[in-house]
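Me: I would like a close look at a single part of this model, the ligand site. Please keep it plain.
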Amino acid sequence: MINVEKVGYHIAGRPLLQNVSFVAETGQLLAIIGANGAGKSTLLKILSKELAPDSGKVEMRGENLKSIRNNQLARFRAVLAQNNALAFNFNVSELVMMGRYPHFDGSPSKQDHEIVEYALQQTDITHLRDRIFLTLSGGEQQRVLLAKVLAQLTDIEDIYGLPHPVPQPKYLLLDEPITGLDLYHQHNLLEIIRTLTLRNFCVIAILHDLNLTMQYADKVLILNSGKTIAFGKPVQVMTPANIFSAFHIPVDIIHPPEYTHPFIVHSRSFSEQPLQEERWERSNGQSKSLYL
Ligand SMILES: Nc1ncnc2c1ncn2[C@@H]1O[C@H](COP(=O)(O)OP(=O)(O)OP(=O)(O)O)[C@@H](O)[C@H]1O
């Protein structure tokens, strides 16, 4: 479990996060949603110990994050950051092996190689194993980086479905992991996450797709201008009012009987109100009779 208590963070006197509190449970996917600039990545950087909060605290496995040593943290917490503009002149399997670095000194063991093969296969990139990372498409690169974090947190027991000698929760922090992926690989990644949550993982992911959030997340944190709008189960907190507060766009929640989860649709699909007019209304606080 990750316990976030009254976290605040400022840059040059400007608050980027204010009084953010929530608990991310092991065995669950927590999605962070909110408009561009809401503070999602800043929060994820605090959870990954890349930034230290100005106020409040973050606890992982019951310990204050700031007192966990980085080399120890890397064995049970992995991070997929946004915009990985990394000039990796490595091939895919070498790069995925980097995920195993916190687990060995010197050279990788047979088990490390097995785990890399497993991560390549899980993310559907075995056929790319000898390709140079930089020559891959954006979506392929994203899957390689996912394989790397998967390799970092996989134990040999996970591959063979064996019980862990000392079962410990693991933490996966993902900043926009499905951005750039095609529809098949978006669902594939979210299914991988679902499998991980069944294996004692706590996954926190920033997502921009509200319908995939509704379908896959166990909990949702909605941020707006660095503050929490709502935190809870998707169907409870992803309401038209909360979504309007976060994204300034009117939506309807529809629940076709043949689906197990509701869908969020822009109300304009029904009202046919042009988006430009809505924008005008938002900035002027009144209705405009003529279309722009
Ligand atoms: N180092 C920095 N210096 C100044 N401002 C910053 C810095 N880092 C972030 N910000 C600002 O803080 C706000 C929150 O940024 P953050 O990256 O957390 O947003 P986000 O919710 O992840 O947005 P997006 O959906 O666009 O990725 C933004 O207005 C951003 O410009």
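Which elements each supply at least two residues of the shell around the ligand?

Reply: This is a predicted model, in which local features need pLDDT of at least 70 and side-chain atom pairs count only at pLDDT 80 or more, while totals for chains, interfaces and linings use all residues. Residues are numbered from 1 along each chain as its sequence is written, and side-chain values use heavy atoms, with hydrogens and water left out.

At least two shell residues each come from strand E2 (14-24) and from helix H1 (40-47). Both are DSSP runs, numbered from the N terminus (helices H or I, at least four residues; strands E, at least two). H1 gives the most, with 3 residues.

The ligand is surrounded by 14 residues, and the closest are Gly37, Gly39, Lys40, Ser41 and Thr42; a residue counts as near if one of its heavy atoms lies within 4 Å. By type, the shell divides into 4 nonpolar, 7 polar and 3 charged residues. In this grouping Asp, Glu, Lys and Arg are charged, Ala, Val, Leu, Ile, Met, Phe, Trp, Tyr, Cys and Pro are nonpolar, and the others, Gly among them, are polar.

Ser41 places a polar side-chain atom 2.9 Å from a ligand oxygen atom. For Ala38 the atom is a backbone N or O, 3.0 Å from an oxygen atom of the ligand. His208 uses a polar side-chain atom, which lies 3.3 Å from an oxygen atom of the ligand. Taken alone, the ligand exposes 640 Å², and the protein buries 62% of that; these areas come from the Shrake-Rupley method with a 1.4 Å probe.

Back to H1, the main contributor to the shell, with 3 residues. The helix is mostly covered, with 7 of its 8 residues buried, meaning under 20% relative accessible area (1.4 Å probe, protein chains only). The buried residues are Lys40, Ser41, Thr42, Leu43, Leu44, Ile46 and Leu47. After H1 comes Lys49, whose phi is positive, near 75 degrees.

Note on methods. Polar contact = N/O pair within 3.5 Å; in protein donor to acceptor, adjacent residues only side chain to side chain. Buried < 20%, exposed > 50% of the residue type's maximum accessible area, 1.4 Å probe, protein only.
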